[in-house]
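Hello,

Here is the structure I promised to hand over. Please look through it first; my notes follow below.

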Amino acid sequence: MSEVQVLASVQQFIERQHGHFIDGKWVNVDNQQRIELINPATEQVVSTIAVGSQGDVEKAVHSAHVAFTNAWANTSPYERGIKLNKLADLVEAHSEELAQLETLTTGKLINLARHLEVANTVIFLRYFAGWATKIHGQTMQPSIPSANGEKYTAYSIRQPVGVVAGIVPWNFSLMIGIWKIGSALSTGCTIVVKPSEFTTLSLLRLAELAIEAGIPAGVINVVTGAGQTGQHLIDSKLVKKVSFTGSVPTGIAIGKQATGNDLKHISLELGGKNAAAILADANIDEILPTLLQATYVHQGQVCAAPERFLVHRSKYDELVQKAAAAIQQLKIGSPLDESSMLGPLSNKPHLEKVKHYLDLAQQNQQIISGGKVLEKTGYFVEPTLLAVKDINDPLFLEETFGPVISVTPFDSDDELIEMMNHSRFGLTASLWTNDLSKALRLIPRVEAGSIWVNMHTFLDPAVPFGGVKASGVGREFSDAFIEDYTELKSVMIRY
Ligand code: NAD
């Protein structure tokens, strides 16, 4: 099949000399230094972005602060919901354009960009829009003794924290950006977003659409650049909360920086080495398509996706043989070709990281299937299945964030739980079984923020998402995000 034609509007957008988007408009940048955005399928430069200086960041934060105090915090919840819904309508109307921007910079398959990333962006925006009118405090009855007949009453109110810094990774820039923007705007906060330096364009375009949606200037600002620009943002005194999604080492550094000086609110959504446990009763033919789709989607560059298959010994040989045969059928190709089933890894440094793990597996003779970097233009690697026996092996313990899966047998429930929890991470896990009674007994013993049964990596806005252990702090979605983006104020009255 031939490649999807890049839209003229996309071509025009990528050819622009992008600055930062501050106070509702494009602004000139302090710094002449620029970062090239590379198409990972062709290794060609797609566009360049500005590197945000401290001065650029302060302009953006100041704009967000003014918008918070003058405009957004005083906008009625109903109006905030209307504007978020209007933005959702505009994202939907521009869905092909946004999907192509994502595909050109991340190598995400065009159908995944359309039907997962952009479609979910719309769903999440509408979900957050609905919350704007439902944020409330409580009333309480104090027990303070009354000597002279005086009475007491108390209530709590939830108030937006103020300016939020949203720092976003490269794997699902638009959707993860919206998790932060939607949470901030529905609670009455304003936001400065710093997208990843690898995949910046879709969030820059979104900021323009927000103005078209009637969201006041300064409520959403986007400053571009790499880690240092993010550090300036966290250091800014007017930033009251940092919402970060990315790797564990960066998350830990950000957590320390954000809380070290002035105890900003933080939420950290970090990495994982997620286990999929295939129990003795599982029907391999039935579960395999769903399991493999969850595993290799976006070339495994999904924080919640499984990277460790733990298989009951009675099913080990069958799973290995059928999974290896299935992944050899996955067609690797251009992400703009609708018939491709796997695209490239998203960037060169990440290819180097995944290659390191493939080399390690090669040296240790662990490769069951795949294991090679393709000798062609683009950052393509084969979907890979590894036999890993030792639970202290780096391939059992470290996140590759690529299409690289370890398979390890287990014999008993206790051994399974020990293996699942033998990890510094605790983001997600899944159990594949028809024995619901057994699943319900195992679920409380698994150290993970999310656990699925007969499914994996299904994110729904109504269901809280976040990690335990080194996988993070805080929860997104559901009503759990409200706590992170608001201050709880208590009021007591004597009468
Ligand atoms: P990363 O940590 O390298 O970068 C993430 C963002 O942080 C980028 O915008 C980057 O420019 C910025 N950054 C880097 N150093 C910084 C610093 N010192 N201060 C402030 N900002 C800084 O992560 P990545 O490589 O973009 O993303 C991949 C990682 O993200 C994987 O580990 C993956 O598991 C994780 N992830 C987690 C979730 C989740 O919801 N838990 C979702 C997606 C990705």
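The largest pocket lies between domain 1 (8–270 + 471–492) and domain 2 (274–460), because both give residues to its lining. Domain bounds come from an automatic or database domain assignment. A pocket here is an open set of points on a 1 Å grid over the protein atoms alone, where a 1.4 Å probe fits, with protein on both sides within 12 Å along at least five of seven lines; lining residues have an atom within 4 Å of a point.

This is a predicted model: local features need pLDDT of at least 70, side-chain atom pairs count only at pLDDT 80 or more, and totals for chains, interfaces and linings use all residues. Residues are numbered from 1 along each chain as its sequence is written, and side-chain values use heavy atoms, without hydrogens and water.

The largest pocket holds about 890 Å³ of space. Its lining has 40 residues, with Leu112, Leu116, Gln293, Ala294 and Val297 nearest the centre.

The second largest pocket has about 700 Å³. It is lined by 33 residues; Trp170, Phe244, Gly246, Ser247 and Thr250 are closest to its centre. Domain 1 and domain 2 each give at least three residues to this lining. Volumes are the space filled by probe spheres set on the points, which are joined across faces, edges and corners.

Best wishes
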